[in-house]
Amino acid sequence: MPEPSTTPSILASLPPELRTAIQSQLAAGEDITSYSDTDLNGRMQFRPEWLFLTSQRLLTARSEAAGHSAWKVEAWPLAAELVLRATESQGVGALELTLPDRRLALWRYTSDRAPSIQRFV
């Protein structure tokens, strides 16, 4: 008997606009297996970004508007050569998604988010 999907309970815990943005990106049968959030953007400003590991991809959602009413979602298909690595120094962390020859994405977070990021990785 297949495991029940955790996707409905994960989606239920998200803010409504984010839930809608992520639901619209999920393919039929694609389940969210893990998620976390970061709290700094690339300019080291406090802005949330969410990461979702699914059965097929890594999805990220970044707030595009004040009040977090619009979200931009990006996706990377899961592949054996993808590496997701977290490092921390002086209260700030970096989560890096790479291929052997290049960086695909970089997210920043404060030490507050470190335990969640470590579980995610």
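Aspartate 37 is found in strand β1. The model is predicted. Aspartate 37 counts as buried, because its relative accessibility is 14% and the cut-off for buried is under 20%. Leaving aside residues up to four places away in sequence, aspartate 37 touches Glu49, Trp50, Arg113, Ser116 and Ile117. Threonine 7 lies 30 residues from aspartate 37 along the chain, and the two C-alpha atoms are separated by 16 Å.

One of these contacts is charged. Arginine 113 and aspartate 37 meet through their side chains in a salt bridge, at 3.0 Å from N to O.

Serine 116 is another contact of aspartate 37. Its place is in helix α3. Serine 116 touches Ser36 and Asp37, not counting residues up to four places away in sequence. With serine 36 the link is polar: the two side chains make a polar contact of 2.6 Å.

Further salt bridges were then examined. The structure holds eight salt bridges. In one of them, the side chains of glutamate 30 and arginine 57 meet at 2.8 Å, N to O. This pair links distant parts of the chain, 27 residues apart. Glutamate 30 lies in the loop between α2 (16-23) and β1 (32-40), and arginine 57 lies in strand β3 (residues 57-63). Both glutamate 30 and arginine 57 are buried.

Arginine 85 forms a salt bridge with glutamate 96, with 3.6 Å between the closest N and O atoms. Arginine 85 belongs to strand β5 (residues 83-89) and glutamate 96 to strand β6, 11 residues apart. Arginine 85 is partly exposed, with a relative accessible area of 40%. Glutamate 96 is buried, with a relative accessible area of 17%. Elsewhere, salt bridges that share partners join Asp37, Asp39, Asp112 and Arg113 into one network.

The largest nonpolar core has 14 residues, of which Leu95, Leu97 and Trp107 touch the most other members. At least two residues of this core come from each of β6 (92-99), β7 (102-110) and α3 (114-120). Tryptophan 107 has contacts from several parts of the chain. Not counting residues up to four places away in sequence, tryptophan 107 touches Thr38, Glu49, Leu51, Leu58, Thr60, Trp76, Leu84, Gly93, Ala94, Leu95 and Leu97. A second, separate core holds 13 residues, including Leu18, Ile22, Leu26 and Ala61.

Helix α2 was examined for burial. Its buried residues are Leu18, Ala21 and Ile22. Viewed down the axis of α2, these residues fall within an arc of 95°, so they line one face of the helix. The elements covering the buried residues of α2 include α1 (7-12), β1, β2 (46-54), β3 and β4 (71-77). Of the buried residues of α2, Leu18 and Ile22 are among the members of the second core.

Terms used. Residues are numbered from 1 along each chain as its sequence is written. This is a predicted model: local features need pLDDT of at least 70, side-chain atom pairs count only at pLDDT 80 or more; totals for chains, interfaces and linings use all residues. Side-chain values use heavy atoms; hydrogens and water are left out. A nonpolar core is a set of buried Ala, Val, Leu, Ile, Met, Phe, Trp, Tyr and Cys residues joined through side-chain atoms within 4.5 Å. Buried means under 20% relative accessible area, exposed over 50%, partly exposed in between (1.4 Å probe, protein chains only). Helices (H or I, at least four residues) and strands (E, at least two) are DSSP runs, numbered from the N terminus. Contact means heavy atoms within 4.5 Å. A polar contact is a pair of N or O atoms within 3.5 Å; within protein, one must be able to donate a hydrogen and the other to accept it, and residues adjacent in sequence count only if both atoms are side-chain atoms. A salt bridge is a side-chain nitrogen of Lys or Arg within 4 Å of a carboxyl oxygen of Asp or Glu. The arc is that of the directions from the helix axis to the C-beta atoms.
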